[in-house]
Amino acid sequence: MEAISAMIALLQLGAGAKAKSSADKAAAAALKAGEFNAEIIERDLDLLDIQKQIVNKNYLQTDAENRYNFRQQQGQARANYAYGGVELSSGTPIQVMRQNARLFEYDQHKLKFEKTMTDLQIEDRKESVRLNAELSRMEGGMAAASARSQGQVSLLQSFGAAATTADRAGFFGP
């Protein structure tokens, strides 16, 4: 009977050790999964950086085109006034050209403001991506801690069961 009790106690210890080992592997897998998910989430950061570069290049291109077109229009207006024999140094032609310049600058400021707002939205999305990645890492860490804790509980329970079996078999004395 003592041999059977000893074997039962050893099997209980082995089962506890196996459960602890399995829990440790699950914890490592949870950490790995959390990190993997975070890395996938963080890929969006690169895409957002590329999007921001495209927005900025597009703004610069649009700005340059608008300035070129404005100079062309102002030159054409001067030529038309001159062709019509209108004095260009004062009066209505100057007022019209100044008004055109003010409207042009307003439009350019509006474009720059819109680009700035887009940049801010992209930065906000990048921060959201960073936070989601960090959350994924935290979730992996919490799952790992839970698995490790369960493994420790199983190991302690097996120690208790083995000790109870050994005590009932009389290994610790009468």
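Biologist: Why is glutamine 74 called buried?

Modeller: Buried means under 20% relative accessible area, exposed means over 50%, and partly exposed lies in between, with a 1.4 Å probe and protein chains only. Glutamine 74 has a relative accessible area of 7%, so it counts as buried. This is a predicted model, in which local features need pLDDT of at least 70 and side-chain atom pairs count only at pLDDT 80 or more, while totals for chains, interfaces and linings use all residues. Residues are numbered from 1 along each chain as its sequence is written, and side-chain values use heavy atoms, with hydrogens and water left out.

Biologist: Where is glutamine 74, and what is it in contact with?

Modeller: Glutamine 74 sits in helix α1. Helices are DSSP runs of H or I with at least four residues, strands are runs of E with at least two, and both are numbered from the N terminus. Contact means heavy atoms within 4.5 Å. Neighbours within four places in sequence aside, glutamine 74 is in contact with Met97 and Asn100.

Biologist: What makes the pairing of glutamine 74 with asparagine 100 a polar contact?

Modeller: A polar contact is a pair of N or O atoms within 3.5 Å; within protein, one must be able to donate a hydrogen and the other to accept it, and residues adjacent in sequence count only if both atoms are side-chain atoms. The side chains of glutamine 74 and asparagine 100 are joined by such a contact of 3.4 Å.

Biologist: Is serine 136 buried or exposed, and how do you know?

Modeller: Serine 136, in helix α2, has a relative accessible area of 6% and is therefore buried. A polar atom of its side chain lies 2.9 Å from the backbone oxygen of glycine 34. Not counting residues up to four places away in sequence, serine 136 touches Gly34, Asn37, Ala38 and Ile41.

Biologist: Why are α1 and α2 called roughly antiparallel?

Modeller: Two packed helices are described by the angle between their axes and the distance between the axes. Axes are lines fitted to C-alpha atoms, for helices over the stretch in contact, and angles run from 0 to 180 degrees between N-to-C directions. Angles under 35 degrees count as roughly parallel, over 145 as roughly antiparallel, 65 to 115 as roughly perpendicular and the rest as oblique. The axes of α1 (residues 2-83) and α2 cross at roughly 175° and come within 7 Å. The two helices are therefore roughly antiparallel to each other. Their contact has 34 nonpolar, 22 polar and 20 charged residues.

Biologist: What span should α1 have?

Modeller: The 82 residues of α1 should span 122 Å, and its end C-alpha atoms are 121 Å apart, which agrees.

Biologist: Why does glutamate 39 count as partly exposed?

Modeller: Glutamate 39 belongs to helix α1. Its relative accessibility is 44%, so it counts as partly exposed. From C-alpha to C-alpha, glutamate 39 is 10.0 Å from arginine 130, although 91 residues separate them in sequence.

Biologist: What makes arginine 71 exposed?

Modeller: Arginine 71, also placed in helix α1, has 53% relative accessibility and so counts as exposed. Its C-alpha atom is separated by 12 Å from that of arginine 98, 27 residues apart along the chain.

Methods
Nonpolar A, V, L, I, M, F, W, Y, C, P; charged D, E, K, R; others polar. Expected span 1.5 Å × (residues − 1).
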